[in-house]
Amino acid sequence: MRTEALARLAGERVDHRFKGLPPDADGLTVGELAAQRRNLFRPADGFTTPVLALSAERLEHNLALMETYTARHGLAFAPHGKTSMAPRLFQRQIEHGAWGITLAVPHQVRVAREFGVQRIFLANEVVDAAALRWIAGELAADPGFRFICYVDSVRGVELMDAALGDTGRPLDVVIELGAGDGARTGVRTEADARAVADAVARTRTLRLVGVAGYEAQVPGADTELVREWLERLVALAVEFDKAGRFAGAGEIVVSAGGSEWFDAVADVLARIPGLSLPVLKLLRSGAYVSHDDVHYRRLTPFNRVPAEGALEPAFRLWAQVVSRPSADQAFLNAGKRDAAYDLDLPVAHVVRRDGTERPATGIEVSALSDQHLWLRTAPDADVEVGDWIGLGLSHPCTSFDKWQLIPVAEADGTVVDYIRTFF
């Protein structure tokens, strides 16, 4: 990655754009603020609520765990960058062995390229002519840049070919196998896949290098259905290889894997038979980097394979009690603008008062307004106006996107770094 671009992040000035940071830090650079090692919980250090923080220790644990897991299973790893859209985390993921970064839309590719990501897997179709011409320009200007994206229709291939014209080296594509009727994008049948492959072969602008898809979209997904779909994906790769459809590819890409079924992906891809070219078995799980306290904590494959380790939820949203209007209600100064709520409500974990932290006994999150979080409190709940409540979140992808600059704090609250996001 580009060290000078990453260094510019440390040189950015702290100001009103960044929620939760100390008001007296205005004008400091991010690097200067990090060097001060202020503490989230020390009043004199000035952090305001609500403030979202990442655990330094848990973040490192999760990065190391997936590095070990993918190496053990012979998988290349391109974690989905749309989760965080944070170049500093992209850098750390690559330092922890990632092959590259997965992204979802061309704007995200522009962010990654600005910071020098050299291998990008775009897990989506691209038919936007302006975006395709920009990608072609990146490929032409940088021989070391590897870019792969989905195709799933003859019409899409024709639009890509028309947009690319005579722009240099071919753009690598993989055919997306849909997860079933009623699922998201992707060809629905092997016959459709062959038709799309034929269309790619008729172009000079595209090169077919593999097959891919997203197993979590399998309708009614369970272990058996997910494995059946993965076996279809592998069989399609084998068929296309025998037919010579990957000639000139250099390697055959077979890619799958969100954050719910990567154990099945590892198992099925391990059984890919010998093909005519080396196989890049590319896993794309992204939520692992912060994990979460509800959705992925419940669905993580590590629950099925506990001997392989366990991810740890790294996010903690701190909000303050601003109103206690009745014995069974309290309200925090955080809401939908601050906390993910698309899958599950936040979970109250701890209460801080006068420097002491204790479990949030008898406290339940019942609703979110735009700028308020509703608490239902039991008779034994010890909650006062002014208390800080530490909340666990569900769904990392809609947690990162609400915060432009996120403190990374050690267990005692000392902030050692800041993560800049670009959504």
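In this predicted model, arginine 352 places its charged end over the ring of phenylalanine 41, 3.8 Å from the ring centre. Phenylalanine 41 also belongs to a cluster in which ring pairs link Phe41, Trp318 and Trp388.

**Aromatic pairs and charges over rings**

- The structure contains 13 aromatic pairs. One of them joins phenylalanine 41 to tryptophan 388 in an edge-to-face arrangement, with 6.2 Å from centre to centre and 70° between the planes.
- This pair links distant parts of the chain, 347 residues apart: phenylalanine 41 lies in the loop between α2 (30–35) and β1 (51–55), and tryptophan 388 lies in strand β16 (residues 388–392).
- Tryptophan 388 has a relative accessible area of 15% and is therefore buried, the cut-off being under 20%.
- Phenylalanine 240 and phenylalanine 246 form a tilted pair, because their planes stand at 55°, with the ring centres 6.2 Å apart.

**The β17–β18 hairpin**

- Strand β17 (residues 405–409) and strand β18 run antiparallel and are joined by five bridges. Across this pairing, proline 407 stands opposite tyrosine 418 in β18.
- Five residues separate the two strands of the hairpin, and glycine 413 in the turn has a positive phi of about 100°.
- Strand β18 (residues 415–420) is largely enclosed by the rest of the structure, because five of its six residues are buried.

**The largest pocket**

- The largest pocket holds about 480 Å³ of space. Its lining comprises 26 residues, and those nearest the centre are His80, Lys82, Arg184, Tyr214 and Gly258.
- At least two lining residues come from each of β4 (119–125) and α11 (295–299), and β4 gives the most, with three residues.
- By class, the lining of the largest pocket divides into nine nonpolar, eleven polar and six charged residues.

**The second largest pocket**

- About 330 Å³ of space lies in the second largest pocket. It is lined by 18 residues, of which Ser55, Arg316, Trp318, Glu410 and Ala411 are the closest to its centre.
- β1, α3 (56–72) and β10 (315–326) are the elements that give two or more residues to this lining.
- The lining of the second largest pocket has ten nonpolar, two polar and six charged residues.

Technical notes. Residues are numbered from 1 along each chain as its sequence is written. This is a predicted model: local features need pLDDT of at least 70, side-chain atom pairs count only at pLDDT 80 or more; totals for chains, interfaces and linings use all residues. Side-chain values use heavy atoms; hydrogens and water are left out. Rings of Phe, Tyr and Trp (its six-membered ring) pair if their centres lie within 6.5 Å; planes under 30 degrees apart count as stacked, over 60 as edge-to-face and the rest as tilted. Helices (H or I, at least four residues) and strands (E, at least two) are DSSP runs, numbered from the N terminus. Buried means under 20% relative accessible area, exposed over 50%, partly exposed in between (1.4 Å probe, protein chains only). A charge sits over a ring if NZ of Lys or CZ of Arg is within 6 Å of the ring centre and within 35 degrees of the ring normal. Two strands pair if DSSP finds at least two bridges between them. On a 1 Å grid over the protein atoms alone, a cavity is a set of points where a 1.4 Å probe fits but cannot get out, and a pocket is an open set with protein on both sides within 12 Å along at least five of seven lines; lining residues have an atom within 4 Å of a point. Grid points are joined across faces, edges and corners, and a volume is the space filled by probe spheres set on the points. Ala, Val, Leu, Ile, Met, Phe, Trp, Tyr, Cys and Pro count as nonpolar, Asp, Glu, Lys and Arg as charged, and the others, Gly among them, as polar.
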